[in-house]
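Work through the exercises below with the sequence and model open. Try each task before reading its solution.

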Amino acid sequence: MKGVLILAHGSRVESTKNTIGAVVDMVREKITDRPIEIAYMEFCEENIEHGIKVLADQGVTEIKVVPYFLFEGIHIQKDIPEEIGEILKKYPGVQVEMGKTLGADERLADILTDRIRG
């Protein structure tokens, strides 16, 4: 079974979870054929290992990790893949594919334009 792990950076400000939670709820309304979980790289209990475990416990064997990050920085290039590699040693039947960051996307420019004009 396929599943999705949406990965945010995390924050010490607890209310930031509400923002990503709202976005993920919107995604869940659009994608209903697979479980979708949220994980945070740091500062939160719902870390990457927790997210993988929750999905694996639901029978997910193929996880697409989609970073809710703008840039392809060191976390995306090195830190997160290394951490996932270590975690997957505990879940030998689970495969992970890394998705792309939000990056330079026309839709983000549209949102920014709307914020400027609004």
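**Exercise 1.** How many bridges join strand β1 to β2?

Solution. First, the ground rules. This is a predicted model, where local features need pLDDT of at least 70, side-chain atom pairs count only at pLDDT 80 or more, and totals for chains, interfaces and linings use all residues. Residues are numbered from 1 along each chain as its sequence is written, and side-chain values use heavy atoms, without hydrogens and water.

Strands (E, at least two residues) and helices (H or I, at least four) are DSSP runs, numbered from the N terminus. Strands pair if DSSP finds at least two bridges between them. β1 (residues 2-8) and β2 run parallel and share five bridges. Within this pair, Leu-7 faces Ala-39 of β2.

**Exercise 2.** Give the strand order of the sheet, then find its edges.

Solution. The order is β2-β1-β3-β4, in an open sheet with parallel pairing. β2 (36-40) and β4 (95-98) each have a single partner strand, so one side of each lacks a neighbour in the sheet.

**Exercise 3.** Which residues have the most contacts inside the largest nonpolar core?

Solution. Such a core joins buried (under 20% relative accessible area, 1.4 Å probe, protein chains only) Ala, Val, Leu, Ile, Met, Phe, Trp, Tyr and Cys residues through side-chain atoms within 4.5 Å. The largest has 19 residues; Leu-5, Leu-7, Ile-48, Ile-52, Ile-63, Ile-80 and Ile-84 have the most contacts inside it. Next, assign sources: β1, α2 (48-57), β3 and α3 each supply at least two residues. α3 gives the most, five. A second, separate core has nine residues, among them Val-4, Ile-6, Ile-20 and Cys-44.

Technical notes. Buried < 20%, exposed > 50% of the residue type's maximum accessible area, 1.4 Å probe, protein only.
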